[in-house]
Every structure is written in structure tokens, then in C-alpha cells.
Amino acid sequence: RSFAFLIICVLVAVPALAHDLFLKLDNYFIAVNDKISVKILNGSFQASEGAVTFARIRDVSVVSPKGERTNPKETDFTKDDKTSFLNLQPTEEGNYVVGLSTMTREIDLEAKDFNEYLSHDGIPDTLAERKRDKELNKKVRERYAKHVKIIFQVGEKQSDNYKTALGYPVEIVPVTNPYSLKMGDTFEFQCLKDGKPLINQFVMTGREDATGKLIVGKNIRTNKNGTAKIKLDGAGKWYVRFINMTRLTDPNLNYESKWATLTFQIK
């Protein structure tokens with residue numbers, strides 16, 4: 001990443017704005033009653049730069065294969081110096097959906113740093129708007145929150161709960177069950193904001209292969225139904241992510257961003 005991006009990270013400290021949030025497992029294929037630790041990666045898809053505190057979490061939910069939704073407690077979380085973990089023990093066969101939603105935070109960013117963040121993190125529409133309105137030199141105050149999900153497979157059976165919407169401010173909901181797919185198939189998903197389809201939303205994708213190499217996928221836009229499709233052109237741990245940003249009329253706040261990520265694994 002560029003020097004300017006590094007400056008952003010230093011300026012805003014940890015947990016920081018220009019950091020993604022992902023839920024990730026070492027292996028998304030689990031046996032019934034296995035004890036697992038879902039990593040809460042605050043940084044990138046491959047590394048966490050700061051542990052997320054329980055006090056920062058607005059909601060954490062686990063949806064079982066039968067569609068029952070439970071809320072893990074603070075005792076289900078552990079952390080080391082950089083990463084938080086949600087510790088679970090799935091008891092039924094099928095797909096599990098885990099979601100985590102953070103409280104909002106506010107941050108001040110210098111104009112140059114904000115422009116770099118828009119460029120790197122997939123918010124081209126706001127960048128184009130700033131160019132059009134000759135605001136590239138304006139510093140900003142932004143409110144943000146992050147809403148992230150993981151889907152994993154327990155045993156051999158598949159279940160319909162993969163398409164459960166958790167009601168987060170923004171969310172990625174699979175249209176097709178990723179665990180019914182294999183390499184070369186197409187994965188379809190829907191992007192929602194306040195439960196309604198997000199049209200023309202810019203979405204970034206990628207995967208980590210078996211060797212641990214990160215392969216950046218295609219950037220795509222959602223259609224009039226808020227859906228988009230990606231070709232699963234390789235095995236590994238996949239992510240889909242977007243940041244929805246809106247301009248505010250509040251005199252003390254310029255923008256609000258809502259971040260969403262979804263991860264799953266393809267054999």
C-alpha cells in the first residue's frame with residue numbers, strides 16, 4: 001500500500017477507519033461439536049492490527065442450521081494483543097451464519113488522507129463527487145460502523161439459513177449457498193441497506209489460496225435488484241466487501257460510511 005495509506009493508519013490509530021473488518025476461520029469445514037475460534041480481523045483479510053473490544057460491538061449473532069438466532073456473550077470472546085476471537089462449538093450439521101455489527105464512531109481526516117482512502121477502499125463515487133464539486137482539498141469528519149458476516153459448513157448437510165438477513169444497517173446476503181458450489185461456479189449475492197436492495201453499489205472481491213497468497217478479485221457493481229455475481233475462479237477463502245458512503249447535511253459531520261464484509265470457503 002502507498003505511503004499515504006500508511007500515514008492514515010498512523011494518524012487514526014487502532015482500531016482505525018481505513019481498516020477492514022472480517023470474520024475468518026482457519027478452516028470453514030467443521031465437524032459437529034468441534035470447538036472453533038472465529039478470528040475478528042481488524043485490519044485486512046490476512047492480518048489484524050488491533051483487537052476489537054466487546055464494548056465496541058452493537059450485535060453479535062449466530063444463526064444455526066435450523067434458523068435459530070442466538071447472541072454470544074462476552075465470556076465467548078478471547079483476545080491476544082492484535083486479534084479478538086469468538087469461540088463457538090457448533091452442535092448440528094448444516095450451515096452456520098455468524099454476524100457482528102459495531103457501534104458507530106467518528107473520525108477527522110485531512111483531505112489528502114480521505115481522498116487516498118476513497119481511492120484504495122472502493123468508494124469511487126464519493127471521490128468523483130469531490131472532484132466534480134472541487135472539494136478535493138476539504139478535510140472531513142466521518143461517522144462509520146462495520147457489519148460483517150461469515151458462513152461456514154458443519155458436517156456434510158446443507159441448510160437454507162445461509163440467506164438469513166440479520167437486519168444490520170448494511171449487509172451482504174447470499175442468493176446461492178456458497179457450500180453448494182465448487183470452483184468455476186458462479187456465486188450470487190445481494191447487498192442491502194436498511195433491508196432494501198443497494199443499487200449500483202461498488203463491490204470488491206478476493207480470495208486467499210491454499211498457500212496463503214492473497215488474490216485480488218474483480219470489482220463489480222450491483223444491478224437494479226441489488227444483486228451481483230462473481231465467478232469462483234479458484235479454491236480458497238473468499239471475501240466480498242463494500243463501503244456505502246453518503247453525504248450528510250449535519251454541520252458537524254460530512255459523511256457516513258457503512259462497511260459490510262462476507263467470507264466463505266470454496267474447496
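Predicted model: local features only at pLDDT ≥ 70, side-chain atom pairs only at ≥ 80, totals over all residues.
Helix α3 spans residues 124–132, and its buried residues are T126, L127 and R130. Because these residues cover an arc of only 100 degrees around the axis, they lie on the same side of α3. That buried side packs against α2 (111–120), β10 (140–154), β17 (236–247) and β18 (255–266), whereas the face turned away from it carries the exposed residues K131 and R132. After α3 comes K134, whose phi is positive, near 55 degrees.

Strand β1, which covers residues 20–24, contains D20, a residue that is buried with a relative accessible area of 8%. The side chain of D20 is joined to that of R241 by a polar contact of 2.9 Å, and the residues in contact with D20, leaving aside neighbours within four places in sequence, include R241 and W259.

The whole structure holds 11 aromatic pairs. One of them is the edge-to-face pair of F22 and F45, with 5.0 Å from centre to centre and 65 degrees between the planes. Since F22 lies in strand β1 and F45 in the loop between β3 (36–43) and β4 (57–63), the pair ties together parts that are 23 residues apart in sequence. F22 is buried at 1% relative accessibility, and F45 is buried with a relative accessible area of 3%. Y117 and W259 have ring centres 6.1 Å apart and planes at 15 degrees, so this pair is stacked; it links helix α2 to strand β18, with the two residues 142 apart.

Methods:
Residues numbered from 1 in each chain as written. Heavy atoms only, no water. Helix = DSSP H or I, 4+ residues; strand = E, 2+ residues; numbered from the N terminus. Buried < 20%, exposed > 50% of the residue type's maximum accessible area, 1.4 Å probe, protein only. Polar contact = N/O pair within 3.5 Å; in protein donor to acceptor, adjacent residues only side chain to side chain. Contact = heavy atoms within 4.5 Å. Arc of directions from axis to C-beta. Phe/Tyr/Trp six-rings, centres within 6.5 Å; stacked < 30°, edge-to-face > 60°.
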